[in-house]
Amino acid sequence: MPILRTAHLLAVFVVAALVSCRSAETPDLGLYDRAGCDVRVSGPGGPITDPNGPYYHQVAVAHTTDGVTLTAPYQILDHASVPDGAVGPDGLPLIYYVNGADGPVWVARLLDDSANVIGPIALDGVSRPAGVVDPDATRLPDGRIRLVYLSGFGPPTPGAQRAFCVAESLDGVRFAVVARALWVPENFTDPSLAPLPAGSWLMALSMGQQTVLARSSDGYAFAVYDTVNVGGVPEVSTLADGRVRMYVCRNGIESYLSGDRGVTWTREATVVPPGTMGKRILCDPSMVRGASIFVFKTAN
């Protein structure tokens, strides 16, 4: 089912202005602590051979008008995992994902019924950065893409800490690392950000089958405040009326609503039922704001 293309000439002028002169809202990179977010050069690309890993996953998309009822989901990428999406500078959705055939985080542009692969992202000028997984993308009001991700991913090390890091980009491909959002133990994964009223931010992250919640006043430095037993691998999205919707992986993909900025949650619906598309795994939800597109992971 074709996706309505929303790129307009105005977007071209906006992008040009952003590229030629960084927004006044762009953060000073020296103001934030970036410890734990060091960018490492990756080695040669190759398949991730774990039989339960990204090489055996796919990315699917579906249309939605309300964020709950999906229409005609279909696959757009193979050997791709942990997807997330945001509307890019040209008005078309960008899909971020771990490339199971190559390793690093890649980005693709969503067209009418397919994905046009752009290539790997870059962090601080390093293409295909090592140890970067679980991307979550948010389009900011000035057109920048804010990416939060898990840094330092690799073989388990007892007692080791990892970091969720924040990077930003004007073109959606080349990112500058801005801040460490949160130190996390090794069993924390899959961060997701949502802006709240009055400029604050909510982060949801996965701790196995539970979701951990954190807050921030500026979208860069977060503090954990709660853990909820509703499922894991969350996605948070702000609704037009100020409520927050949270998608989690449980019995397929379910949704929950909060009317008090993430303090309490009420189950809303099953968004992706078990067995959808004949797949064994349905997880890693992402609601692409401004595009009426819902993205998720599947596995046979």
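Colleague: Quick one: does cysteine 283 count as buried or exposed?
Modeller: Cysteine 283 counts as buried, at 8% relative accessibility. Buried is under 20% relative accessible area, exposed over 50%, partly exposed in between (1.4 Å probe, protein chains only).

Colleague: What kind of model are we looking at?
Modeller: A predicted one, where local features need pLDDT of at least 70 and side-chain atom pairs 80 or more, while totals for chains, interfaces and linings use all residues. Residues are numbered from 1 along each chain as its sequence is written, and side-chain values use heavy atoms, leaving out hydrogens and water.

Colleague: OK, which cysteine is joined to cysteine 283?
Modeller: Cysteine 249, through a disulfide with S to S at 2.0 Å. The cut-off is a pair of cysteine sulfur atoms within 2.5 Å.

Colleague: Left-handed or right-handed, that link of cysteine 249 and cysteine 283?
Modeller: Right-handed, with 105 degrees about the S-S bond. Cysteine 249 lies in strand β20 (residues 244–249) and cysteine 283 in strand β23 (residues 281–288), so the pair ties together parts 34 residues apart in sequence. The elements are DSSP runs numbered from the N terminus: helices are H or I, at least four residues, and strands E, at least two.

Colleague: And what is the relative accessible area of cysteine 249?
Modeller: It comes to 11%, so cysteine 249 is buried.

Colleague: How many disulfides in the count?
Modeller: Two. There's also one joining cysteine 37 to cysteine 165, S to S 2.1 Å. This link of cysteine 37 and cysteine 165 is left-handed, at -95 degrees about the S-S bond.

Colleague: Where do cysteine 37 and cysteine 165 sit in the chain?
Modeller: In distant parts, 128 residues apart: cysteine 37 is in the loop between α1 (9–20) and β1 (40–41), while cysteine 165 is in strand β13 (residues 161–169). Both cysteine 37 and cysteine 165 are buried.

Colleague: Changing topic. What's the strand order in the open sheet of four strands?
Modeller: The order is β3-β2-β24-β23, with antiparallel pairing. At the edges stand β3 (70–78) and β23, each with a single partner strand, so one side of each has no neighbour in the sheet.

Colleague: Over how many bridges do β2 and β24 pair?
Modeller: Seven, in the antiparallel sense, between β2 (residues 57–64) and β24 (residues 293–299). Pairing takes at least two DSSP bridges between two strands. Histidine 57 is opposite alanine 299 in β24.

Colleague: Now pockets. What volume does the largest pocket have?
Modeller: About 730 Å³. A pocket is an open set of points on a 1 Å grid over the protein atoms alone, where a 1.4 Å probe fits, with protein on both sides within 12 Å along at least five of seven lines; lining residues have an atom within 4 Å of a point. Points join across faces, edges and corners, and the volume is the space filled by probe spheres set on them.

Colleague: Which residues are closest to the centre of the largest pocket?
Modeller: Of its 37 lining residues, Pro54, Val82, Val133, Asp134 and Phe153. Elements giving two or more residues to that lining include β4 (80–87), β11 (133–139) and β23.

Colleague: And what about the second largest pocket?
Modeller: The space there is about 390 Å³. Its lining has 27 residues, with Thr138, Arg139, Pro195, Trp201 and Arg289 nearest the centre. β4, β11, β15, β19 and β23 each give two or more residues to the lining of this second largest pocket.
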